[in-house]
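Let's take a walk through this structure together, from its pockets to its ligand and then to its backbone. Keep the 3D view open as you read.

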Amino acid sequence: MREIENIVILTGAGISAESGLATFRGPDGLWEGHRVEDICTPQALARDPVLVQTFYDARRAALATVEPNAAHRALAKLDAEWPGELLIVTQNVDDLHERAGASRMLHMHGELKSALCRRCGGRSAWEATLIDGPTCPECASSGGLRPDIVFFGEMPYQMERIETALEDADLFVSIGTSGAVYPAAGFVQTARHYGARTLELNLDPSAGSHFFHETRIGPAGELVPAWVAEILS
Ligand code: OAD
């Protein structure tokens with residue numbers, strides 16, 4: 001096994017579950033009462049903008065009611081103390097990693113606290129609602145802002161940077177994701193192909209569990225602090 005210098009961490013909805021945010025594929029298969037496909041597509045936004053904008057406005061407002069948990073805090077500690085390269089790639093659209101203090105991170109599926117203008121393509125930090133058709137801070141047009149969320153069929157953000165980090169990784173760790181959505185679900189194979197050790201931390205074995213060298217089963221709030229303590233020691 002090669003010495004570990006460069007780490008890439010992929011996180012999914014499971015890392016925020018203990019903060020009180022619903023995962024996408026819960027036991028009933030619904031996300032806050034909806035099929036993910038009925039909300040997270042450009043077609044859904046075009047067909048029923050009130051439903052989609054109201055839904056994401058509610059998710060954005062709900063962020064004020066939750067706090068980072070022990071798993072977010074442990075990754076922020078790793079970010080602060082790890083001397084090598086580190087990149088936290090989150091599929092989550094919440095802001096709990098950054099509120100815990102992580103900075104070497106990116107949101108590949110967009111962010112609730114950002115608005116995307118369909119007119120100019122500008123991305124603007126956003127705290128308020130979008131249902132009322134506010135003005136774009138970039139181009140001053142109104143009614144063109146949508147949630148800055150990567151819908152099904154759209155290209156995730158920063159894929160080139162992620163691919164490069166995966167190629168250089170000595171260790172790839174996947175936390176709290178079901179492995180149901182590509183390209184993120186394929187990161188383990190890319191990292192392994194380029195020689196990384198691979199570790200999964202999840203409540204249940206994910207769809208791609210067999211691709212990992214090691215899988216640890218349990219809640220992120222326990223597994224992640226224990227793993228961070230281990231790797232920093
Ligand atoms: P999912 O809801 O598909 O999967 C969540 C995973 O977290 C499951 O494997 C659970 O077993 C696990 N889990 C639940 N509670 C946990 C806990 N306390 N500790 C550790 N693991 C726990 O969520 P994602 O894999 O993140 O995309 O979903 C991927 C993408 O699908 C999302 O980014 C979203 C959705 O479509 C967009 O919105 C663009």
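Helices and strands here are DSSP runs numbered from the N terminus, a helix having at least four residues and a strand at least two. With those labels in hand, remember also that this is a predicted model.

What classes of residue make up the lining of the largest pocket? Sorted by class, the lining has 22 nonpolar, 14 polar and four charged residues.

Now find the ligand, which sits in the largest pocket. A shell of 23 residues surrounds the ligand, with F24, R25, T177, S178 and D204 the closest. By class, this shell has 10 nonpolar, 10 polar and three charged residues.

Which part of F24 lies 2.7 Å from an oxygen atom of the ligand? Here it is a backbone N or O atom of F24. With T177, the side chain takes part: one of its polar atoms lies 2.6 Å from a ligand oxygen atom. The side chain of N202 also has an N or O atom placed 2.9 Å from an oxygen atom of the ligand. How much of the ligand does the protein bury? Taken alone, the ligand exposes 800 Å², and 93% of that is buried by the protein.

Next, turn to the second largest pocket, where about 220 Å³ of space lies. This pocket is lined by 15 residues, and L21, A22, W31, R59 and D94 lie nearest its centre. The lining of the second largest pocket divides into nine nonpolar, three polar and three charged residues.

Finally, let your eye follow the backbone to two details in loops. In the loop between β7 (171-175) and α8 (187-193) you will find P183. A cis peptide bond joins Y182 to P183, with omega at about 10°. The other detail is at A140, in the loop between β5 (123-125) and β6 (145-149). Although A140 is not a glycine, its phi is positive, at about 70°.

How values were computed:
Residues numbered from 1 in each chain as written. Predicted model: local features only at pLDDT ≥ 70, side-chain atom pairs only at ≥ 80, totals over all residues. Heavy atoms only, no water. Nonpolar A, V, L, I, M, F, W, Y, C, P; charged D, E, K, R; others polar. 1 Å grid on protein atoms, 1.4 Å probe; cavity = no way out; pocket = protein on both sides within 12 Å on 5 of 7 lines; lining within 4 Å. Points joined across faces, edges and corners; volume = space filled by probe spheres on them. Near = heavy atom within 4 Å. Polar contact = N/O pair within 3.5 Å; in protein donor to acceptor, adjacent residues only side chain to side chain. Areas by Shrake-Rupley, 256 points an atom, 1.4 Å probe, with all protein chains shown as cover. Sits in = over half its atoms within 2 Å of the grid points.
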